[in-house]
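This report is written for a reader meeting the structure for the first time. It moves from the domains to the overall dimensions and then to the contacts between helices.

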Amino acid sequence: MEVAAPSGERLLLDAGRPLDAPREATGLLPATVDTSRPANVIFSHPHMDHWGLIDELPGEWPIWSGEKSAELMRLTTELFGGRIDRDIRTWHSRSAPFAIGGFTITPFLTDHSAFDAYMLLIEGWGRKLLYTGDFRTHGRKAVLVERMMERPPQGIDALMMEGTNLRSGKPVITEKELEDQFVELARDTPGHVFVQWSAQNIDRTVTLYRAAKRSGRTLVVDLYGADVLERVADGTGIPRPGKEFDLLQVVITPCGKRMYERQGREDFVTRMATGGAGTSRRKLSDGRAIIMLRDSMVADFAKDGLGFSADDAYAFSNWSGYLDTADPRSGWAQAERAGARTVRLHTSGHASPEALAAFAAAMAPKTVLPVHGTAWDDPGIPLPPVTRLADGEAWTIP
Ligand SMILES: [Zn+2]
Ligand SMILES: [Zn+2]
């Protein structure tokens with residue numbers, strides 16, 4: 001989305017890469033974005049479909065994001081062998097207003113499956129816009145949205161709101177309820193509980209850490225999972241490898257090691273291996289833990305004693321669109337072949353339709369501008385007046 005002021009100053013809110021675009025595809029920045037004039041770009045949160053076009057933005061355009069978001073964007077890029085060479089300007093407070101030219105921006109830390117996600121209040125020239133980015137009200141940081149709904153910014157002209165879950169019919173449970181389900185699964189499983197989840201979904205990592213604690217297990221992540229936690233944990237209560245969180249372990253495998261050696265980060269591997277949290281497939285082979293598992297790790301685990309057995313469980317804790325149970329190479333199919341129990345335990349990173357309606361009502365904007373989501377023609381929930389804009393269509397706040 002582009003916000004333009006009468007002065008000609010421009011803000012771009014997010015520049016995302018379509019999730020289905022091949023990794024090597026370029027030239028994805030919409031032609032409606034005029035790259036010949038200056039602009040500032042703000043990334044609301046570190047999900048690819050919000051920042052993935054960073055390399056296509058003119059080098060002289062300043063880029064802004066939350067501090068930890070910037071860290072996660074760098075980590076993701078480095079993982080694929082790249083590097084973000086440009087400067088990312090970050091706001092230091094998670095709620096204090098700052099200026100970009102004549103615009104005043106107030107970031108509101110929010111509840112989403114991505115870490116360090118923000119809503120952005122944009123003020124200037126007597127107008128007020130609130131961009132929700134992606135959000136929900138059933139995660140571990142729901143209180144942030146609740147507080148905002150109790151004391152909403154006054155006089156919002158336009159609310160740019162996501163609507164991913166409109167008409168999806170998806171059941172939405174809280175992370176706390178999900179935690180209870182994982183505890184139950186752990187109690188019913190004699191062997192390991194292997195879980196496929198996104199290492200950058202820190203809410204889920206916390207859910208699993210707490211479930212491990214409640215069921216007398218350890219939570220085991222791989223080097224990448226440990227890397228993510230190390231980069232964001234400072235100043236938060238989030239578990240990270242080290243004495244303070246003795247139930248968190250890091251499994252070191254030849255594959256994981258190679259990935260970090262390629263990035264020239266042998267020191268990180270050594271630190272993880274010797275810092276007390278390090279463990280191995282062999283050591284884990286006869287224990288009872290909750291273990292992070294991506295499809296690409298299954299064969300590597302099995303090579304040294306950590307294959308699936310009929311005593312184990314495999315939980316898929318990700319968006320169902322990422323799971324093809326018929327694919328014989330999937331963790332799911334391999335677990336089934338070994339006789340392990342397979343379950344889906346997940347909750348959405350996005351607000352339910354009811355939560356969207358309640359949020360829009362609390363913000364009481366003059367109009368809602370839909371972003372994200374496909375069911376806006378017939379959203380099925382009560383909303384303030386909606387202004388539909390086609391891609392590239394300009395609209396002036398009255
Ligand atoms: Zn999104
Ligand atoms: Zn998102």
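## Domains

In this predicted model, the domain assignment divides the protein into domain 1, which takes in 2-168 + 350-371, and domain 2, which covers 175-344. The centres of domain 1 and domain 2, taken over C-alpha atoms, are separated by 30 Å. Where the two domains touch, eleven residues come from domain 1 and eleven residues come from domain 2. On the side of domain 1 that touches domain 2, the residues fall into four nonpolar, three polar and four charged.

## Overall dimensions

The secondary structure of the protein consists of twelve helices and 18 strands. With a radius of gyration of 22 Å, close to the 21 Å that the globule rule gives for 398 residues, the protein is as compact as a globular protein of that length. Taken along the principal axes, the C-alpha atoms fill a box of roughly 65 × 45 × 40 Å.

## Helix 2 and helix 6

Helix 2 is formed by residues 67-79 and helix 6 by residues 223-232, and their axes come within 9 Å and cross at roughly 155 degrees. Because angles over 145 degrees count as roughly antiparallel, helix 2 and helix 6 are roughly antiparallel to each other. The crossing of these two helices, helix 2 and helix 6, is right-handed.

On the side of helix 2, the contact is made by Lys68, Glu71, Leu72 and Leu75, which meet Asp227, Val228, Arg231 and Val232 in helix 6. By class, this contact of helix 2 with helix 6 holds four nonpolar and four charged residues, with no polar residues.

## Helix 4 and helix 5

The axes of helix 4, residues 175-188, and helix 5, residues 202-214, come within 9 Å, and the angle at which they cross is roughly 40 degrees. How are helix 4 and helix 5 therefore placed to each other? Helix 4 and helix 5 are oblique to each other, and their crossing is right-handed.

From helix 4, the residues Glu175, Leu178, Glu179, Phe182, Val183 and Ala186 take part, and they meet Asp203, Thr207, Leu208, Arg210, Ala211 and Arg214 in helix 5. Sorted by class, the contact of helix 4 with helix 5 has six nonpolar residues, one polar residue and five charged residues.

## Helix 7 and helix 8

Helix 7 spans residues 254-262 and helix 8 spans residues 266-274; the axes of these two helices come within 7 Å and cross at roughly 140 degrees. Which residues of helix 7 and helix 8 meet? Lys257, Tyr260 and Glu261 in helix 7 are in contact with Glu266, Phe268 and Val269 in helix 8. The residues of this contact of helix 7 with helix 8 divide into three nonpolar and three charged, with no polar residues among them.

Technical notes. Residues are numbered from 1 along each chain as its sequence is written. Chains are lettered from A and ligands numbered from 1 in the order in which they are written. This is a predicted model: local features need pLDDT of at least 70, side-chain atom pairs count only at pLDDT 80 or more; totals for chains, interfaces and linings use all residues. Domain bounds come from an automatic or database domain assignment. Two residues are in contact if their C-beta atoms, placed from the backbone, lie within 7 Å. Ala, Val, Leu, Ile, Met, Phe, Trp, Tyr, Cys and Pro count as nonpolar, Asp, Glu, Lys and Arg as charged, and the others, Gly among them, as polar. Axes are lines fitted to C-alpha atoms, for helices over the stretch in contact, and angles run from 0 to 180 degrees between N-to-C directions. Helices (H or I, at least four residues) and strands (E, at least two) are DSSP runs, numbered from the N terminus. Angles under 35 degrees count as roughly parallel, over 145 as roughly antiparallel, 65 to 115 as roughly perpendicular and the rest as oblique. A crossing is left-handed if the near helix is turned anticlockwise from the far one by less than a right angle, and right-handed if clockwise. The radius of gyration is taken over C-alpha atoms; the globule rule is 2.2 Å times the number of residues to the power 0.38.
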